[in-house]
Amino acid sequence: ENGVVIANGPNPAVPLDVGVHVIELTVEGIKGLGGSATDIVVITVQDTVPPVLTLRGDPLAIECGVDLYVEPGFTVSDICDPNPQVVITQSIDPGTPGTYTVTYDASDASGNTARHERDAIVQDTIAPVVVSTEPIVLWPPHKKFETLEISSLVFSVSDFCDTTLAVDDIKVYSVSSDETQGFLADIVISDDCSNVMVRKARKHF
């Protein structure tokens with residue numbers, strides 16, 4: 001090929017790269033007897049097989065506001081191209097819950113492609129942290145109601161995922177008492193659950 005001897009013998013085996021090869025075949029008689037003959041052979045080597053792409057790891061679970069996306073990796077191989085390329089595309093927001101898709105596109109030098117996708121789930125499984133105020137003293141016990149706003153009951157609130165969470169976002173849905181009976185008439189939660197009225201019939205709330 002191109003004036004270079006690439007093989008000899010009756011059954012030559014020659015690896016050829018992708019592309020068009022113009023090969024000159026020369027056949028000679030045994031020990032120089034019978035002369036020789038030459039022919040031109042055009043061989044086209046094609047690569048139509050895509051790369052083999054395999055993802056490592058399982059579907060990812062990322063805790064919102066706590067974890068960052070860490071690529072688990074992949075393996076890629078190709079029967080013709082020793083260095084197939086892989087492009088990873090993702091737009092994961094680790095601070096916003098949801099299911100995200102990570103896309104892997106592999107390609108070889110001949111333009112064959114393979115694609116795989118991986119789910120990455122950003123989840124919020126950690127409850128907010130609420131810091132209450134000091135115990136409130138309701139005194140004297142004159143049987144009248146006193147309204148307790150959320151701000152007087154809660155000092156602060158924080159959350160890994162929802163960084164905008166504030167004390168004003170907290171609602172009162174239930175109130176318990178160490179009394180075994182009769183206390184329900186002394187506790188009234190507002191319709192919008194923004195405060196609670198407690199009758200001053202006990203010393204502490």
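## Basis of the model

Because the model is predicted, local features need pLDDT of at least 70 and side-chain atom pairs count only at pLDDT 80 or more, while totals for chains, interfaces and linings use all residues. Residues are numbered from 1 along each chain as its sequence is written, and side-chain values use heavy atoms, with hydrogens and water left out.

Strands are DSSP runs of E with at least two residues, numbered from the N terminus. Two strands pair if DSSP finds at least two bridges between them.

## The four-stranded sheet

An open sheet is formed by four strands in the order β4-β8-β7-β6, with mixed pairing. The edges are held by β4 and β6 (85-89), each with a single partner strand, so one side of each has no neighbour in the sheet. From one strand to the next, the twist averages 25°; the axes behind such angles are lines fitted to C-alpha atoms, and angles run from 0 to 180 degrees between N-to-C directions.

Five bridges link β6 and β7 in the antiparallel sense. Within β7, Ser107 is the residue that stands opposite Gln85.

## The three-stranded sheet

Three strands make up another open sheet, in the order β10-β13-β12, and the pairing is antiparallel. Here β10 (145-149) and β12 (187-189) are at the edges; each has a single partner strand, so one side of each is left without a neighbour in the sheet. Neighbouring strands of this sheet are turned by 20° against each other on average, direction ignored.

The antiparallel pairing of β10 with β13 runs over five bridges, and Thr147 has Met197 in β13 as its bridge partner. Strand β13 (residues 195-199) is also joined to β12, by three bridges, and these two strands run antiparallel. Ile189 stands opposite Val196 in β13.

The hairpin of β12 and β13 has five residues between the strands. Cys193 is found in this loop, and has a positive phi of about 60° although it is not a glycine. Cys193 is buried, because its relative accessible area is 15%; buried means under 20%, exposed over 50%, and partly exposed in between, with a 1.4 Å probe and protein chains only.

## Nonpolar cores

In soluble globular proteins, nonpolar side chains tend to be buried together. A nonpolar core is a set of buried Ala, Val, Leu, Ile, Met, Phe, Trp, Tyr and Cys residues joined through side-chain atoms within 4.5 Å.

The largest nonpolar core has 14 residues, of which Ile62, Tyr69, Ile92, Val102, Tyr104, Ala120 and Val122 touch the most other members. At least two residues of this core come from each of β4 (60-63), β7 (98-107) and β8 (113-123). The most is given by β7, with four residues. Another core, of 13 residues, lies apart from it and includes Leu148, Ile150, Val157 and Ile187.

## The largest pocket

A pocket is an open set of points on a 1 Å grid over the protein atoms alone, where a 1.4 Å probe fits, with protein on both sides within 12 Å along at least five of seven lines; lining residues have an atom within 4 Å of a point. The volume of the largest pocket is about 600 Å³, a volume being the space filled by probe spheres set on the points, with grid points joined across faces, edges and corners.

Its lining has 21 residues, and Ala7, Ile23, Glu24, Leu25 and Thr26 lie nearest the centre of the pocket. Strands β1 and β2 (36-45) each supply at least two lining residues, and the largest share, five residues, comes from β1.

## Single residues

Asp17 lies in the segment before β1 (19-28) and counts as exposed, because its relative accessibility is 62%. Asp17 and Cys80 are 63 residues apart in sequence, and their C-alpha atoms are 8.2 Å apart in space. Phe74 belongs to strand β5 (residues 74-77) and is partly exposed, with a relative accessible area of 26%. From Phe74 to Leu53 there are 21 residues in sequence and 7.2 Å in space, C-alpha to C-alpha.

The loop between β9 (129-132) and β10 contains Pro140, and the peptide bond from Trp139 to Pro140 is cis, with omega near 5°. Lys143 is also placed in the loop between β9 and β10. Lys143 is not a glycine, yet has a positive phi of about 70°, and at 53% relative accessibility Lys143 counts as exposed.
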